[in-house]
Protein chains: 2
Amino acid sequence: MTGSPEPAVGSTDQPHSGLEAVWTAVDDAGAVGFVHVSERGDPNRRYLTRVDGPDRETALVILPGTKNQPPQAVYCVPRGVVSDVTGFKQVTSDTEISRQIEGRPPTTATGQQVRAVLADRLGTTVSDGTLLVPRTLPHDAAVFLQEAGYELQSTPAVTTARATKTSAERDCLRAVQAAAADGLARSEAVLAASEPVDGRLVVDGQPLTAERLRRQINTELAASGVAPADNTSIEADTDVADRLPAGEPIRLTVSPRGPHGYHGHLKRTVAVDSEGGWERRAFIAAEAGLQAAQREIEPGVDISTVQGEAVAEVGAYGFAVTPDTDQSTQGRATATVHGVGLSTHEQPAVGAESQLRAGAVIAVDTGVVDPARGTIRLGTLFVVSEEGPETLIEYPTSLTPVDRTE
Amino acid sequence: MTGSPEPAVGSTDQPHSGLEAVWTAVDDAGAVGFVHVSERGDPNRRYLTRVDGPDRETALVILPGTKNQPPQAVYCVPRGVVSDVTGFKQVTSDTEISRQIEGRPPTTATGQQVRAVLADRLGTTVSDGTLLVPRTLPHDAAVFLQEAGYELQSTPAVTTARATKTSAERDCLRAVQAAAADGLARSEAVLAASEPVDGRLVVDGQPLTAERLRRQINTELAASGVAPADNTSIEADTDVADRLPAGEPIRLTVSPRGPHGYHGHLKRTVAVDSEGGWERRAFIAAEAGLQAAQREIEPGVDISTVQGEAVAEVGAYGFAVTPDTDQSTQGRATATVHGVGLSTHEQPAVGAESQLRAGAVIAVDTGVVDPARGTIRLGTLFVVSEEGPETLIEYPTSLTPVDRTE
């Protein structure tokens with residue numbers, strides 16, 4: 001079970017949804033353009049450029065078409081950075097020279113590039129008009145543009161566009177989720193081969209630590225060509241010198257990042273030699289919660305409805321569903337639902353853009369938390385579709401670990 | 001050769017240099033506090049909190065001590081986020097409730113948390129005074145704080161503090177650099193075992209592709225407990241369907257991230273069955289460039305001096321040292337020097353905080369670029385010290401790949 005290389009979004013002639021969303025927003029607002037500045041790699045920059053940019057400050061300047069000029073997209077990068085970004089004209093700043101001339105901190109080099117690109121296009125030395133910017137534009141860049149005479153208006157266009165995945169993006173997500181499943185299967189196989197000794201798990205005569213298991217998963221992910229992305233976690237509730245306990249829940253979470261930047265997400269809970277009725281009931285409740293969530297997933301539904309139904313279903317197995325009844329001796333039902341893509345936590349999300357749209361890919365985690373007994377959680381990715389919800393990659397649920405690698 | 005787990009910075013009682021730098025800056029500016037808001041993980045947040053925070057918006061509010069109150073540091077996180085950050089009081093926002101009350105986008109939840117923390121401490125309902133902020137504070141957070149009555153003043157305190165590593169930070173860097181060396185050794189072993197067939201490299205009867213080699217390195221890194229961090233690259237100048245060429249330079253770069261967030265950096269160039277005098281001369285020039293850079297490294301020296309001396313030394317082997325002579329038929333000498341730590345590219349850097357201080361860890365890359373013949377590069381990490389420069393981890397240089405894993 002080894003993942004194959006994922007398709008590269010942006011390498012084909014598919015429509016570039018990110019740029020189109022920006023051009024539309026600029027048109028709708030009657031703005032002169034859109035400016036994005038980021039200090040280092042961020043998902044919005046990656047979404048628009050389709051490349052994993054440098055760990056340095058860069059700017060994007062996106063200008064709509066006019067009667068005389070086609071739409072334009074410019075990528076401003078520091079000197080020495082080379083990228084094969086398509087759809088953008090790339091310009092390079094000479095930080096050192098700008099600084100010597102202006103006596104300003106290096107960020108000004110980026111600001112000056114942006115101003116030069118705008119002035120070049122807009123054909124005026126006195127700049128004016130409205131610029132759309134993300135709400136997280138660095139404050140110094142905002143002040144610099146305002147001092148140049150532009151009015152800034154924040155737009156959620158990019159994060160909103162990211163909430164709905166294209167077919168090519170879903171292929172990327174499917175490929176990295178398949179690699180996530182391989183990584184999870186590796187850890188399940190190790191756990192299936194483990195034995196309890198004095199209440200702790202042992203494999204091949206060696207104590208099985210969370211770190212050892214995490215490295216085995218990450219090794220599998222790396223061999224599949226995806227990045228563990230610091231998102232692999234092995235959690236137990238009674239942690240003695242990192243040694244994993246027998247008979248108690250162990251939570252396995254993988255959310256690797258594929259070469260295209262998109263993330264998978266799978267979460268399972270297993271217990272080796274569990275004798276507990278509580279664990280089994282909580283596990284079945286979490287499974288039922290996932291199924292209940294899946295039944296609610298369709299375009300137009302609010303994500304909080306999905307989350308609420310999942311919690312209610314878990315609660316129907318005898319667990320508390322509201323914070324008021326946290327004192328329940330059986331534990332509290334939990335569910336979280338949010339979008340996953342270039343970020344592990346993005347729109348749609350409760351409290352933000354919360355309506356599900358066809359094409360969205362969402363993570364659903366359900367479970368039970370009991371401070372005395374432990375925590376059970378299950379999580380997976382679903383695709384929102386007019387044809388009904390689809391589990392992105394099927395991966396079985398089982399409280400007892402199973403070797404699925406054979 | 002397997003890396004051992006790195007020491008965790010922040011897990012001991014060592015002085016917390018990041019917070020102290022902020023408190024000092026606040027005192028010096030006569031400010032009421034320091035506010036940092038980031039949309040997702042960023043090195044400054046990690047530096048101050050010493051934990052890898054969530055892929056969500058968070059805020060740090062750092063307040064100096066007064067006559068009646070000790071210094072305070074507050075970490076504002078979204079609901080559902082749990083972290084074991086030490087030295088900070090953690091407060092949780094309820095995005096949904098804030099939004100329902102205010103009808104504002106969710107970011108306001110963070111802003112309101114920050115305002116509440118400030119009002120609580122400063123004991124006024126009408127807020128005023130100066131707040132220090134990083135220059136990259138998200139614009140909406142800046143506007144929100146200004147509307148609340150605070151004056152904002154940007155401070156480089158955190159990025160400046162990061163430029164000088166503590167002994168514990170250097171231990172983290174040394175550990176991840178050792179893992180980087182293991183990863184590089186793995187790729188060298190594979191290349192040493194490869195054979196040229198029709199001008200392309202073959203291992204075990206299979207074509208050796210850049211992707212195959214990259215995965216082998218990343219597997220080794222993951223097994224050592226460090227993250228490849230999308231920084232592993234295998235580059236050749238004549239790329240035919242990703243198959244690596246025989247007799248030509250292949251550049252191997254690893255910059256993994258350890259569990260503490262610090263990065264290693266090693267770059268080597270190898271050629272299998274190279275017959276070229278040019279490659280050998282350029283390789284020796286790059287080696288000499290590294291040595292020349294090392295000789296210049298000491299506290300008080302400007303980083304551009306180190307870079308300039310390295311370029312001059314490479315150039316002394318017959319390569320062009322200025323852009324004007326790019327037309328040289330032998331290629332152009334190059335060198336880059338900058339700090340490495342929680343980011344792969346940080347201060348000290350040319351055009352920014354450029355003076356070397358004792359404790360800094362810097363990456364030096366030297367090489368020769370010739371559009372016709374190829375590119376040779378070598379890179380490693382040095383520690384700046386009063387006792388003379390130290391190579392963080394020694395790793396041999398050899399144009400012919402050598403199996404060093406035995």
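The model is predicted: local features need pLDDT of at least 70, side-chain atom pairs count only at pLDDT 80 or more, and totals for chains, interfaces and linings use all residues. Residues are numbered from 1 along each chain as its sequence is written, chains are lettered from A and ligands numbered from 1 in the order in which they are written, and side-chain values use heavy atoms, with hydrogens and water left out.

Start at the interface. Chain B brings 44 residues to the contact, and chain A brings 44 residues. Contact here means heavy atoms within 4.5 Å. The size of an interface is often given as the accessible area lost when the parts come together. Chain B and chain A bury about 3700 Å² between them. Of that area, 47% lies on carbon and sulfur atoms. Buried area is the accessible area (1.4 Å probe) that two parts lose on being put together, summed over both. On the chain B side, B:Arg135, B:His139 and B:Arg215 lose the most area to chain A. Together they account for 20% of what that side buries.

Six salt bridges cross between chain B and chain A. The rule asks for a side-chain nitrogen of Lys or Arg within 4 Å of a carboxyl oxygen of Asp or Glu. B:Glu57 forms a salt bridge with A:Arg135, with the closest N and O atoms 3.2 Å apart. Between chain B and chain A, 19 residue pairs are in polar contact, both residues being at pLDDT 80 or more. A polar contact is a pair of N or O atoms within 3.5 Å; within protein, one must be able to donate a hydrogen and the other to accept it, and residues adjacent in sequence count only if both atoms are side-chain atoms.

Which helices of chain B each supply at least two residues of the side that touches chain A? They are H2 (43–49), H3 (95–102), H5 (139–147) and H8 (210–223). Helices (H or I, at least four residues) and strands (E, at least two) are DSSP runs, numbered from the N terminus. H8(B) gives the largest share of that side, seven residues.

H8 also meets its counterpart by number. Helix H8 (residues 210–223) of chain A packs with H8(B) at an angle of about 170°, their axes 8 Å apart. Axes are lines fitted to C-alpha atoms, for helices over the stretch in contact, and angles run from 0 to 180 degrees between N-to-C directions. H8(A) is therefore roughly antiparallel to H8(B), a term for angles over 145 degrees. From H8(A), the contact uses A:Arg215, A:Asn218, A:Thr219, A:Ala222 and A:Ala223. From H8(B), it uses B:Arg215, B:Asn218, B:Thr219, B:Ala222 and B:Ala223.

Stay with A:Arg215. Its side chain meets that of A:Glu211 in a salt bridge (2.8 Å, N to O). A:Glu211 and A:Arg215 are four residues apart in helix H8 of chain A, so about one helical turn separates them. Over all chains, the count comes to 32 salt bridges.

Last, the backbone. The peptide bond from A:Gln347 to A:Pro348 is cis, with omega near 0°. A:Pro348 sits in strand E14 (residues 346–349) of chain A. In chain B, a cis peptide bond joins B:Gln347 and B:Pro348, with omega about 0°. A:Asp204 is not a glycine, yet has a positive phi of about 55°. A:Asp204 lies in the loop between strands E8 (200–203) and E9 (206–207) of chain A.

Definitions and conventions
Parallel < 35°, antiparallel > 145°, perpendicular 65-115°, else oblique.
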